[in-house]
Amino acid sequence: MHLECITGYVFYSLTYYYLFKNKTIKKTVIISIVIITVFFVINAVFLQPFRKVFPSNITTPTQVLYAVFSLLLFKEMLLYPLKINIIRQSVFWYNSGVLFYSTSLFLIFGLGNYIGEHKLSPNFISFLAYFWYFILYVFHILIGVSLLTNNKEITTTDA
Amino acid sequence: MPDNSLRLLISLTAAFFFGITCFIIYFVVLYRNKQLKNQQEQEQQQSAFRQELLKAQIEMQEQTLLYISREIHDNVTQVLSFVKLNLALAADGSAPVKQTKINESRELVAQAINDLRDLSKSLSFEHITRIGLLKTIEIETGRINKSGIIKVNLWAEGEVYPLGEQRELVLYRIMQEALNNTLKHARARHFKISLQYQPELFNLTLEDDGNGFPANLPDKNNGSGLKNMESRAALIGAVATIDSSPGKGCCIKVALNPLEQRLYIDGYHPDRLSR
């Protein structure tokens, strides 16, 4: 889980690095990768040991960063709109997917804590599990749509 | 309690999905509006560019016609009148006088032919399309130097590349406007035209050693002409800077990045007069 968390963050951040046009944001993305990686090592060794504790110290800030990157990319898309219809832009689907996934995780964490603290019945845990599956399905469908959307057309229009 | 909690859980989830869906729909609408606004702005720019280009072409035509009419009146007509007079005198003269007059007339007719040929070359807006900016300016420089009104020096540096018909036309018009201003107001003795062709930068510099003018020149005293140059330069993506002070002449610099593409400039232009 620790490794999945960090590799996921590096992958998604690098994707955003290539999608952003603003140089300051690009630099911030790179700096965030370095900081998160260093923090990941510290966390895995001292705070939430590898293979023993769920890395919530890493998961929470990375989800916040995903949501921030996604909102920043939406803002940048508004600043430099392309001529092509937004529905046919893969960036829109990808970004929507990341925003949906990262914000949904907060809801999942919040609901999980609530269920844990109030010691609710296993039905609630099942509900949460189904909800989690649903989020994963939606996220992967959105990523799939973004992959199937014609990127070549966007690149040429952009140029 | 569990029922209430379940209700809360479902409400929270529903609210979350509703919120995120609303956000995405709002973004799509906002994006669409921005696209429409951009499209309208681009159309306005395109229309302004076409109007300005047409205006520049008409001005060039007017100037060319004015020059042709002046040349025909002051030069060709005078030469041909002299030929007519010579031939009239030859009719009454002896054989050697006749021969001399005919020879003189032949030379004068040859001069008139040359002048007419030069005139035909001064249809500049067509020349730019065919021979390019540098060659057209060379012809203009030759014409002005021949008239003796002012000494024009042309200086070109770097490997010459085409800037595109419309850009060259606007640049030529800026040069013509600057030269006109110098002839009308500056009382200059020299006018220098420099063209610098660098891979990512084209510079057109127009300098005179005339009276110059203060920086805050009012519109009625040729200020609108200077603003015209700046706005025309901006239309082709160039930056025009005008530097002058009383007694120190005037220097106009036009800098253009030839690699920068403007959608409304490139390609076939429906209003173009040539070809």
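Which residue of β5(B) does B:Ser244 stand opposite? The residue is B:Cys250; the points below place this pair in its setting.

1. Basis of the note. This is a predicted model, in which local features need pLDDT of at least 70 and side-chain atom pairs count only at pLDDT 80 or more, while totals for chains, interfaces and linings use all residues. Residues are numbered from 1 along each chain as its sequence is written, chains are lettered from A and ligands numbered from 1 in the order in which they are written, and side-chain values use heavy atoms, with hydrogens and water left out.

2. Chain B in outline. Chain B has five helices and five strands; helices here are DSSP runs of H or I with at least four residues, and strands are runs of E with at least two, numbered from the N terminus. Their order along the sequence is α-α-α-β-α-β-β-α-β-β. Of the 275 residues of chain B, 38% count as buried (under 20% relative accessible area, with exposed being over 50% and partly exposed in between, for a 1.4 Å probe and protein chains only). Among contacts in chain B with a separation of 6 or more, 72% join residues 24 or more positions apart; contact means heavy atoms within 4.5 Å.

3. The strands around β5(B). Strand β5 of chain B covers residues 250-256, and five of its seven residues are buried. Strand β4 (residues 238-244) is joined to β5(B) by seven bridges and runs antiparallel to it; two strands pair if DSSP finds at least two bridges between them. The two strands form a hairpin with five residues between them, and B:Gly247 in the turn has a positive phi of about 85°. Strand β3 (residues 201-208) also pairs with β5(B), in the antiparallel sense and over seven bridges. In that pairing B:Leu206 stands opposite B:Ile252.

4. B:Thr205. This residue is in strand β3 of chain B. B:Thr205 counts as buried because its relative accessibility is 10%. Leaving aside neighbours within four places in sequence, B:Thr205 is in contact with B:Lys192, B:Ile193, B:Ser194, B:Cys251, B:Ile252 and B:Lys253.

5. B:Thr136. Helix α3 of chain B (residues 124-147) holds B:Thr136. B:Thr136 is buried, with a relative accessible area of 3%. A polar atom of the B:Thr136 side chain lies 2.5 Å from the backbone oxygen of B:Gly132.

6. The interface with chain A. The contact takes 23 residues from chain B and 28 residues from chain A. Between them the chains bury about 2300 Å², 83% of it on carbon and sulfur atoms (buried area is the accessible area, with a 1.4 Å probe, that two parts lose on being put together, summed over both). B:Leu9, B:Phe27 and B:Tyr31 supply 28% of the area that chain B buries against chain A, more than any other three residues. By class, the side of chain B that touches chain A has 17 nonpolar, five polar and one charged residues; Ala, Val, Leu, Ile, Met, Phe, Trp, Tyr, Cys and Pro count as nonpolar, Asp, Glu, Lys and Arg as charged, and the others, Gly among them, as polar.

7. B:Phe17. Helix α1 of chain B (residues 2-92) contains B:Phe17. B:Phe17 is buried, with a relative accessible area of 19%. Leaving aside neighbours within four places in sequence, B:Phe17 is in contact with A:Phe100, A:Phe131 and A:Phe134.

Definitions and conventions. A polar contact is a pair of N or O atoms within 3.5 Å; within protein, one must be able to donate a hydrogen and the other to accept it, and residues adjacent in sequence count only if both atoms are side-chain atoms.
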